[in-house]
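Subject: Structure handover

Hello,

Here is the structure I promised to pass on. Please open it first, then read my notes below.

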Amino acid sequence: MTAFFKPVVENWYPSHPLPNDVLLPNPPDDSDTIPSDTKSTVVRTDFYDRSPISRRFAIIGLALSSIISFCCIITGVVILAIHGVSGVVPLMKLGHSELQTYLQFEMLSLILNALVTICTESTGFVHNISLRSALASEGRLRFNTNLRLLTAARGWRNPNGVLLNGIMVLLLISSYSSSSLVISYNYSSSQNTASAAIAGLPLFFLGVALLLQVVIALLGMQGAEILTWSSSPFDITAALLHNNKLTRFSSRCMCCVIDRGVDACPAKPSNTQPSAWHAHPSIRKVVISLWGVVVACAGWAGMVTYIRTKNDYFVWTFLPWEVSVMYHIPGVNPLDVDLLVWVLLFINIAVVQGPLTLGLHCSELIANVIRDERQWRRATEKKGLKTTTNPLMPIFAHPICLILFVMKPFLHWMFGLATTVADGAEDGKLSGGLAVLMFEAQIWNLCVALFIFACFFTFIVLRRPRGPQPAAYGHLQTLANLIDSPLSPVMWWGHKKDGLVCHAGTSDHELQAIKMGCVYAGSGAESPASVS
């Protein structure tokens, strides 16, 4: 039995944050200097990046999304006014060979999906910042990353409330569903040439969906008190401490995100840390939903394979080649292209594409949580942890975030290959027969791609980090407990103090390695206890 000091605290995570001076005696003002004898226990919170650069990028993104949405709306209105609901406008001539025609047509669709992704990510960034600020003001912000559209602030009229979040879900699905119907074929009888054309009504719907997302994001930005625009969990933690919305418990210097209660500390270091699967309560739901999308896609592919009757053999191709299943919207004239036909087509495509859109949206949680943890674990590396980074770095410097950013438009494009609408036009008019086409090989291709995608994300959430550094996964209370020094541009975490009970924490210079056989707690532990 080894005796050591153990703090007695009734509740490590109080429902109402305590002021910092409860734990930090005689806290200095922002302009004061911290005495040298209290630097190990006092956290100055006057330094954190409010990230005005991120705010500028966010405004630029919203402006770009607004410009694209207005262009779509104006172009769609002009096409509708001149050519009517069934009218299209030729965009570019297609090649003479069938393969060249396919490649040119699908490249246009892929570019359009990429533009939609850029617009929705720009508005999503602002909407996420406002949601985070709203949750912080309500005392409900636990993690740096949350499910943006499935986590709501209080109040029906709140821009981040249940009502507008539900509308944002419908608008996000509508954006990708509309984009899959914008590009169509047009045959010119006078010139005997084929061209890619733009349909007016789907383009108009796409512009309206993008514009409404911008409006909701702006409402959220105006309605929330945004403490910082930074995506860094360290700046957010410091901002919450500075505004008395979070309290640091100095004795939990070796407790990870899943260590709860008084008995969790003091503690000995562990060689392995818990996985994201066990650390974040929403991660498991996201992984299960991803596999649900895979199973649904496999069931869809199996159904198409079962009812296919035209051929008795299966030919694999990446691009659509031969239709497996074709059906018309029931209850409408298949030869008449009117507003009712378009609306029913939108609903049909949205119902099928909706689970894919929501699954990819929820995958953001996994990518961002892993990004936050990998950033935190750099504090034990030789170069240390850079707490302040370029606002674009979270997307392009972290492989998982970059993979997700690329896979979103790519998987939606693959969905467009698997099912499309027979919307061929002649001389600027849709010729009728807007039937839904399904391609067996392309559905199986999409299923395989989703299977690989789900396997990859399942692997990274089950992987357990190595080393004694406690895992946080962006949990703000845990980070507040582990970071016991003022934020600096570069920060290290490690062993800070020897004794019967050792202490670990952060510093602006490289620290010693953790002593695996020692017991760690805060430097202010006072109550005696014993442990075997």
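Is Glu-364 buried or exposed? Glu-364 counts as buried, because its relative accessibility is 17% and the cut-off for buried is under 20%. Please keep in mind that this is a predicted model.

**Salt bridges**

Start with the partner of Glu-364. The side chains of Lys-408 and Glu-364 meet in a salt bridge, with 2.3 Å from N to O. This pair links distant parts of the chain. Lys-408 sits in helix α10, residues 399–418. Glu-364 sits in helix α8, residues 339–377.

Arg-154 and Glu-138 form one of them, at 3.7 Å from N to O. Both residues lie in the loop between α2 (98–137) and α3 (162–182), 16 residues apart. Arg-154 counts as exposed, at 53% relative accessibility. Glu-138 counts as partly exposed, at 22%.

The other joins the side chains of Lys-496 and Asp-484, at 3.4 Å from N to O. Lys-496 lies in strand β11, residues 490–497. Asp-484 lies in the loop between α12 and β11, so the pair ties together parts that are 12 residues apart in sequence. Lys-496 is partly exposed, with a relative accessible area of 29%. Asp-484 counts as buried, at 0% relative accessibility.

There is also a network. Salt bridges that share partners join Glu-121, Glu-364 and Lys-408.

**Aromatic rings**

The aromatic pairs come to nine. Trp-291 and Phe-451 make an edge-to-face pair, because their ring planes stand at 75 degrees and the cut-off for that class is over 60. Their ring centres are 5.5 Å apart. This pair also links distant parts of the chain. Trp-291 is in helix α7, residues 283–307. Phe-451 is in helix α11, residues 440–462. The separation is 160 residues.

How exposed are these two? Trp-291 is partly exposed, with a relative accessible area of 27%. Phe-451 counts as partly exposed too, at 41%.

Look next at Phe-204, Phe-205, Trp-342 and Phe-346, which form one aromatic cluster.

**Surface patches**

Which residues gather in a patch of positive charge on the surface? They are Arg-374, Arg-378, Arg-463, Arg-464 and Arg-466. Arg-463 is placed in the loop between α11 and α12 (476–482). Its relative accessibility is 46%, so Arg-463 counts as partly exposed.

A nonpolar surface patch covers about 460 Å². Its members are Val-85, Leu-339, Val-343, Ile-347, Val-351 and Val-352. Leu-339 is found in helix α8. At 46% relative accessibility, Leu-339 counts as partly exposed.

**Where to look first**

Then follow the salt bridge from Glu-364 to Lys-408. After that, turn to the ring pair of Trp-291 and Phe-451. Finish with the arginine patch, where Arg-463 is one of the members.

Best wishes

Technical notes:
Residues are numbered from 1 along each chain as its sequence is written. This is a predicted model: local features need pLDDT of at least 70, side-chain atom pairs count only at pLDDT 80 or more; totals for chains, interfaces and linings use all residues. Side-chain values use heavy atoms; hydrogens and water are left out. Rings of Phe, Tyr and Trp (its six-membered ring) pair if their centres lie within 6.5 Å; planes under 30 degrees apart count as stacked, over 60 as edge-to-face and the rest as tilted. Helices (H or I, at least four residues) and strands (E, at least two) are DSSP runs, numbered from the N terminus. Buried means under 20% relative accessible area, exposed over 50%, partly exposed in between (1.4 Å probe, protein chains only). Patches are made of residues with over 30% relative accessible area and no salt bridge: like charges are joined within 9 Å, nonpolar side chains (Val, Leu, Ile, Met, Phe, Trp, Tyr) within 5 Å. Accessible areas come from the Shrake-Rupley method with a 1.4 Å probe; for residues, only the protein chains shown count as cover. A salt bridge is a side-chain nitrogen of Lys or Arg within 4 Å of a carboxyl oxygen of Asp or Glu. Lys and Arg count as positive and Asp and Glu as negative; His and the chain ends are not counted. The place of a charge is taken as NZ of Lys, CZ of Arg, CG of Asp or CD of Glu.
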